Amino acid sequence: MLNKKTAVGLFTTFALVMASHSILAKTQEKLSAQARGLEISKEAKSRDIGWVDNTSDMTMRLRNKQGQESIREIKTKTLELLDDGDKSLTIFNKPRDVKGTSFLSFSHAVGNDDQWLYLPSLKRVKRISSRNKSGPFMGSEFSFEDLSSFEIEKYNYNYLGDEVVNDLDSFMVEQFPVDENSGYTRRIVWLDKAEYRVQKIDFYDRKNALLKTLSYSNYKQYLDKYWRADSAEMINHQSGKSTELQWQNYTFKTGLVDGDFNKNTLKRAR
Amino acid sequence: MSIVKKIKPLLVALAINSIVQPQVNADEFELSGKVGYEQRYFAEESQYQNQLSRSQASIFFEPELYWEWDEGNSSVTFKPYYRYDEFDAERSHGDIRELSYVYASRDWELRAGIRKEFWGVTEFQHLVDVINQTDGVEDTDGEDKLGQLMLNLSFVRDWGIVDLYLLPGFRERTFVGKEGRLRGPLVVDSKNVSYQSSAEDKHLDFAARWSHSIGVFDIGSYWFHGTNRDPILSLSTTEPDRSPSLQQHYNQMDQLGLDVQATIDDWLWKFETIYRTTDDEDFWAAQAGFEYTYVGVFDTNADLGLLVEYGWDSRGEGDKNSSGASIQNDIFFGSRLAFNDMQSSEMLVGFGADVEHSAFSFIMEANRRFGESVKISLDIRVMQSSEPSDALYSLKSDDHAQLAIEYYF
């Protein structure tokens, strides 16, 4: 016969075992959500490697709360590097007062990017600090980090579940920036299950309040493999401003090489 | 030197290219540029005889014509410039800022014609920047340059970029005329110019520069041999019957230069130094400092940059026997506020002071885009000195505000 003491002891043991089971289960669940989030992101990245290089023209349409608009025209040339971040040249055409200004960037998966700016009126090449990830790009609702290439090492991941976005069954993955200079605590990214294309991103500011939503539309496939959206819209929920992006003239494997990305090419980029 | 003489080598280069590639067809032509109106208002009446009173207006025009062909590997740029000033006949002037041909191959480039080349990293003084002559009538900051005729070969290697320059022909500095403000008591005579070299303004100058980026460092180093861009100004004795003026003398110089910037997180550390040797004097000078940027200052989208620089020159302040250097023991503070808004609003405040005596200059520059193509800027400059030997002393009545409206096309 069990005495009272033994009964209490057994019960306690039972309770402890049950509790640790549930903690263990939760931990396992969390770990598997992290692993699943990473897995989805890796799959998305792996579907978008091997394009070698590309060039495109981008138009930005900035809108303020009152509906006033301002246009930016930008040309980009990007060289894919498999062992590091990409190299890119960005050339500004509009607004007219910054025409001819160009920007050279050697991005790195880990650590700060190397960036140079060419100012045509002074004929001056300036190395600039790449710490400014959270600042607005040309007065738009896009920050520098929003426009940089996606690298696995830049985030920690968490799979949140599935949802239908743009009529497409999608994964919902939470991404936590590793870089302490990021302007965000987290992003929630919706990737469609069929092609792993980013359909939508919610950005949460440093106070973890919803700041912006980015929506991609009109995806087209290039070289029978790579998907690129024709347009995207970033809406700032806090300021009421928005920026619309449109891409034209997407070209891949144009023959760009490492030698097309240096201070000399920066100075004569058009 | 006439324009025809200046563009002759360019035409030769163009001719050679058209022989090498008979089917030259301009694949792309682009016309852009700016036109502007500028109004200066001086806080005090003029100090010297003949100077304009308080208000000075001018207009300027700077179109840029660009042609490219051969998939952009060959291009020609033509950028003429003209400013009309309502009072100052010297400030009403034209220049060919650029008329050059560029041929770009995979790892080398040939650039021939009239061009501008900038070297250096610091903000308050451009010590190492030596290729182009200063267009001194444009503004007091010395950042406007006259086009320089050159033949420039540039090689890109794993260990850096090497630039070789042949510079035929020299441009004399432009100086404010007798009607203009922002000058000393004596006008610099643009016709009374002498040279050390018997070739005068046709001396063939030479420069070689190496530059490279290594990790956080951007380094450049060069040797320049040729006509000194800084004239020696002295009281004219040749025409005693005319009112006294300053004559310009350009000697020959050899100069070694080094510029280094370290870009470490939010800090830019900057250093420039030159060693110049001429028949008259040898000296070295340096400018060093930093720029720190607060990103997203006060929880806004704005960036606030803080700049501190120090300038030193071995010639010191100058005395009866030597003109010395205007920046020889001077400290500079600046603050740049970029609002990062749709109109790219910016404000820069700068303060320079001589450490040894009370002379200082203050500048405030603010600019903003209006609509898509108009830019308006407002500059305010205050200069003060209690030391008659200081260069700023002669400008102490020339505090002014300058409003510029520019239209870009």
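Two strands pair when DSSP finds at least two bridges between them. Helices (H or I, at least four residues) and strands (E, at least two) are DSSP runs, numbered from the N terminus. This is a predicted model, in which local features need pLDDT of at least 70 and side-chain atom pairs count only at pLDDT 80 or more, while totals for chains, interfaces and linings use all residues. Residues are numbered from 1 along each chain as its sequence is written, and chains are lettered from A and ligands numbered from 1 in the order in which they are written.

**Stop 1: colour by confidence**

Colour both chains by pLDDT, the predictor's confidence in each residue, from 0 to 100. Chain A averages 91, with 96% of the residues at 70 or above. Chain B also has a mean of 91, and 91% of its residues reach 70 or more. For the complex, the predictor gives an ipTM of 0.90 and a pTM of 0.89. Now select residues 4–46 of chain A: this is helix H1, with the lowest mean pLDDT among the elements of chain A, 81. The highest, 98, belongs to strand S10 (residues 198–204) of chain A. Where pLDDT is low, the predicted coordinates should not be read in detail.

**Stop 2**

Select 87–94 and 102–106 of chain A, which are strands S3 and S4. S3(A) and S4(A) are antiparallel and share five bridges. One of the bridged residue pairs is Lys87(A) with Phe106(A).

Next, pick Val98(A), in the loop between S3(A) and S4(A). Val98(A) has 19 other C-beta atoms within 10 Å, so it is partly exposed. Draw a C-alpha to C-alpha distance from Val98(A) to Pro120(A): the two are 8.4 Å apart in space and 22 residues apart in sequence.

**Stop 3: chain B as a whole**

Chain B holds one helix and 21 strands. Its radius of gyration (taken over C-alpha atoms) is 22 Å, close to the 22 Å that the globule rule (2.2 Å times the number of residues to the power 0.38) gives for 409 residues, so chain B is as compact as a globular protein of that length. The C-alpha trace spans about 65 × 65 × 40 Å along its principal axes. Of the 409 residues, 34% are buried.

**Stop 4: an open sheet in chain B**

Select 187–195, 232–235 and 245–250 of chain B. These strands form an open sheet in the order S8-S12-S11, with mixed pairing. S8(B) and S11(B) stand at the edges with a single partner strand each, so one side of each has no neighbour in the sheet. S11(B) and S12(B) run antiparallel, joined by four bridges. Leu235(B) is bridged to Leu246(B) in S12(B).

**Stop 5: where the chains meet**

Show both chains again. In contact (C-beta atoms, placed from the backbone, within 7 Å) are 36 residues of chain B and 25 residues of chain A. On the chain B side, the elements giving two or more residues are strands S4 (93–104), S6 (148–157) and S13 (252–264).

Terms used: Buried ≥ 20, exposed ≤ 12 C-beta atoms within 10 Å, placed from the backbone. Contact = placed C-beta atoms within 7 Å.
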